[in-house]
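Open the structure in your viewer and keep the selection tool at hand. The stops below say what to select next and what is there.

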Amino acid sequence: MAEEPQKPETALGVSQNVAAALAYLLGWISGIIVLVVEKENQYVRFHAMQSIAVFVPLTVISFAAGYIPVIGGLVGFLLPIATLILWIVLMINAAQGKDFRLPYVSEFAENQLR
């Protein structure tokens, strides 16, 4: 009986796919935690940095939208829906081990990890 190849472990003690998905779990907060804890696995570190690079600006925009008359209400309504969809897509792709990269954000994330 052939043995299955072992999935790379991470500092979190789980497979890299699970650790990458966990980086998105609480948005930028979990991204920071995973980035601080994981020092070796580049796949996990990339997803942690991409999580930070995506969700920090979305949090700031969401907060600022409340202070903008009229258009802020529209942004305040649509942004959480778009954020939820993006969050689900990012978590699923990371958990499946797909190298899912967002335009511009992924380049920024990679540059920050160098």
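Select helices H2 and H3 together: H2 passes H3 in a left-handed crossing. A crossing is left-handed if the near helix is turned anticlockwise from the far one by less than a right angle, and right-handed if clockwise. Helices (H or I, at least four residues) are DSSP runs, numbered from the N terminus. The model is predicted, so local features need pLDDT of at least 70 and side-chain atom pairs count only at pLDDT 80 or more, while totals for chains, interfaces and linings use all residues. Residues are numbered from 1 along each chain as its sequence is written, and side-chain values use heavy atoms, with hydrogens and water left out.

H2 covers residues 28-37 and H3 covers residues 42-65; their axes come within 7 Å and cross at roughly 150°. Axes are lines fitted to C-alpha atoms, for helices over the stretch in contact, and angles run from 0 to 180 degrees between N-to-C directions.

On H2 the contact residues include Trp 28, Ile 32 and Leu 35, and on H3 they include Met 49, Ile 52 and Phe 55. Contact means heavy atoms within 4.5 Å. By class, the contact of H2 with H3 has 10 nonpolar, three polar and one charged residues. Ala, Val, Leu, Ile, Met, Phe, Trp, Tyr, Cys and Pro count as nonpolar, Asp, Glu, Lys and Arg as charged, and the others, Gly among them, as polar.

Stay on H3 and select Met 49, which lies in this helix. Is Met 49 buried or exposed? Met 49 counts as buried because its relative accessibility is 10% (buried is under 20% relative accessible area, exposed over 50%, partly exposed in between, with a 1.4 Å probe and protein chains only). Apart from residues up to four places away in sequence, Met 49 touches Leu 35, Ala 109, Gln 112 and Leu 113.

Next, select H1 with H2. Their axes come within 5 Å and cross at roughly 140°, which makes H1 oblique to H2. Ala 19 and Leu 22 are among the H1 residues in this contact, and H2 supplies Ser 30, Gly 31 and Val 34.

Finish at Asn 17, in H1 (residues 16-25). At 16% relative accessibility, Asn 17 is also buried. Leaving aside neighbours within four places in sequence, Asn 17 is in contact with Tyr 43, Ala 94, Ala 95, Gln 96 and Gly 97.

Key:
Helix = DSSP H or I, 4+ residues; strand = E, 2+ residues; numbered from the N terminus. Parallel < 35°, antiparallel > 145°, perpendicular 65-115°, else oblique.
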